[in-house]
Amino acid sequence: MTAISSAVMQPVPAALDVARIRAEFPILKLRVNDKPLIFLDNAASSQMPQPVMARWIRYQSSQHANIHRAVHYLSETATAEYEAARRKLQAFINAGEEREIVFTSGTTESINLVAHGYGRKFIGKDDEIILTTLEHHSNIVPWQMLAGEKGAKIRVVPVNDRGELLLDEYRKLFSAKTKFVGVTQVSNALGTINPVREMIAFAHEHGVPVLVDGAQAAPHLKVDMQALDCDFYAFSGHKLCGPTGVGVLYGKAALLEKMQPFKGGGDMILSVTFEKTTYAPIPAKFEAGTPPIAAAITLGAAVDYLTAIGMDSIARHETDLLDYATDQVNRLPGVRIIGTAEKKAAVLSFAVEGVHPHDVGTLLNEEGVAIRTGHHCAQPVMQRFKVPATSRASFAFYNTMDEVDALVAAIRKVQKIFS
């Protein structure tokens, strides 16, 4: 009889039934240039499954009205569904309180909300904001704008040749002047998974709040606000199999209550006179005007869909895809992978010797393979690796090993044409 270990066994995520999942994505049946669509641009925006589309249609056809205040049936129904979506997002990221979930138009607005609502109030002349080389422009430009207005300074965490943050250098940047940290959990350009939990803990030892850009993490990893203990977390719906035009800002309630609103208008007030406005409690204080009602409700359906599949299973499948793609692309002479961190999410950026990335993307499109080319709104990353741009294939749970093979075959065809 085999002895049973006394160690606690970690559950193995269930294997995905990818064929069944793909059947729920109508767009994956599309043909491009008379070839099956192979969609490998998921870091830019994922596709939407039929059950999520159906939720959008059901809202628009039988529940639509503006929310809050009105007492008629449709408004009360829409309000209930909108607030139910907020609770779904709270559960999805394990936020401590429902009121810590603010609906925005996306990651970019979420970060700008923090830069204006927190930064303009609490960051001043000669204060310092720590960012990293791996940031998307959305987590650089708002802080530069704030620094320019306030006379603050930006400090930057460097990366090594693999695209991993240098934590010793990060720690050295802290001083009495450090007032804020902004860091991406997963690099959109390289796929690097940053050690954000460790970075947050160190910042908190110095009394410094941390915003995490989770745009590339929330669709691929199980994220937990209680475990991370970050102060703010931002992500977008359209990368989560949801619609465009909606995103989430998580913020610790105590900080949100201290912040000033980013936008003024209807539904974010308790009372208004020409002498004074009293703001509504959070999260309403940050949701001025008519919010993205249909999009938020549909995003709630999207996280239901992902939760039913299982984020651990999604992460495992995408890791298998990335490992296989990395191995296959590494076998191609004249192709260099940009970003080889030990811990990566499902992003594969590469450069083909002698071929501009835009030409790579154009020729791959002829084969029905959709990738992203350019600087990926991460120009400091391109500068660090001394390339003007890269070709980027990014995977989702509905992609297959056969699609990886098609990607590799298409790259070989590009090389043959340019040889």
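Predicted model: local features only at pLDDT ≥ 70, side-chain atom pairs only at ≥ 80, totals over all residues.
Two cavities of 30 Å³ or more turn up in the structure, and the largest pocket has a volume of about 350 Å³.

**Helix packing**

- Helix 11 covers residues 311-330 and helix 14 covers residues 401-418; their axes are 10 Å apart and the packing angle is about 25 degrees.
- The crossing in which helix 11 passes helix 14 is right-handed.
- Helix 4 (residues 107-122) and helix 5 (residues 141-150) form another pair, with axes that come within 9 Å and cross at roughly 25 degrees.
- Because of that angle, helix 4 is roughly parallel to helix 5.
- Here too the handedness can be stated: helix 4 passes helix 5 in a right-handed crossing.

- Sorted by class, the lining of the largest pocket comprises six nonpolar, 13 polar and four charged residues.
- Domain 1 (2-48 + 310-417) and domain 2 (53-307) each supply at least three residues to the lining of the largest pocket.
- The second largest pocket has a volume of about 190 Å³.
- Around the second largest pocket you will find Glu164, Leu165, Leu167, Thr192, Ile193, Asn194, Pro195, Ala341, Glu342 and Lys343.
- That lining divides into five nonpolar, two polar and three charged residues.
- The second largest pocket lies between domain 1 (2-48 + 310-417) and domain 2 (53-307), because both give residues to its lining.

- Rolling a probe the size of a water molecule over the atoms shows where empty space is left.
- The largest cavity holds about 70 Å³ of space.
- Its lining is made up of Asn42, Ser46, Pro219, His220, Lys239, Leu240, Cys241, Leu306, Glu318, Ala396 and Phe397.
- By class, the residues lining the largest cavity are six nonpolar, three polar and two charged.
- Both domain 1 (2-48 + 310-417) and domain 2 (53-307) contribute to the lining of the largest cavity, so this cavity lies between them.
- The second largest cavity has a volume of about 40 Å³.
- Asn42, Ala43, Gln216, His220, Ala345, Ala346, Val347, Ser394 and Phe395 line the second largest cavity.
- Five nonpolar and four polar residues make up the lining of the second largest cavity, with no charged residues.
- If you are tracing residues across these sites, Asn42 and His220 are among those lining the largest cavity, and Asn42 and His220 are also among those lining the second largest cavity.

**Backbone details**

- Most residues other than glycine have a negative phi, and most peptide bonds are trans.
- Ile282 and Pro283 are joined by a cis peptide bond, with omega at about 0 degrees.
- You can find Pro283 in the loop between strand 12 (277-279) and helix 10 (293-309).
- Arg69 is not a glycine, yet its phi is positive, at about 75 degrees.
- Look for Arg69 in the loop between helix 2 (50-62) and helix 3 (73-93).

Definitions and conventions:
Residues numbered from 1 in each chain as written. Heavy atoms only, no water. 1 Å grid on protein atoms, 1.4 Å probe; cavity = no way out; pocket = protein on both sides within 12 Å on 5 of 7 lines; lining within 4 Å. Points joined across faces, edges and corners; volume = space filled by probe spheres on them. Nonpolar A, V, L, I, M, F, W, Y, C, P; charged D, E, K, R; others polar. Domains from an automatic or database assignment. Axes fitted to C-alpha atoms, helices over the stretch in contact; angles between N-to-C directions. Helix = DSSP H or I, 4+ residues; strand = E, 2+ residues; numbered from the N terminus. Parallel < 35°, antiparallel > 145°, perpendicular 65-115°, else oblique. Left-handed = near helix turned anticlockwise from the far one by under 90°.
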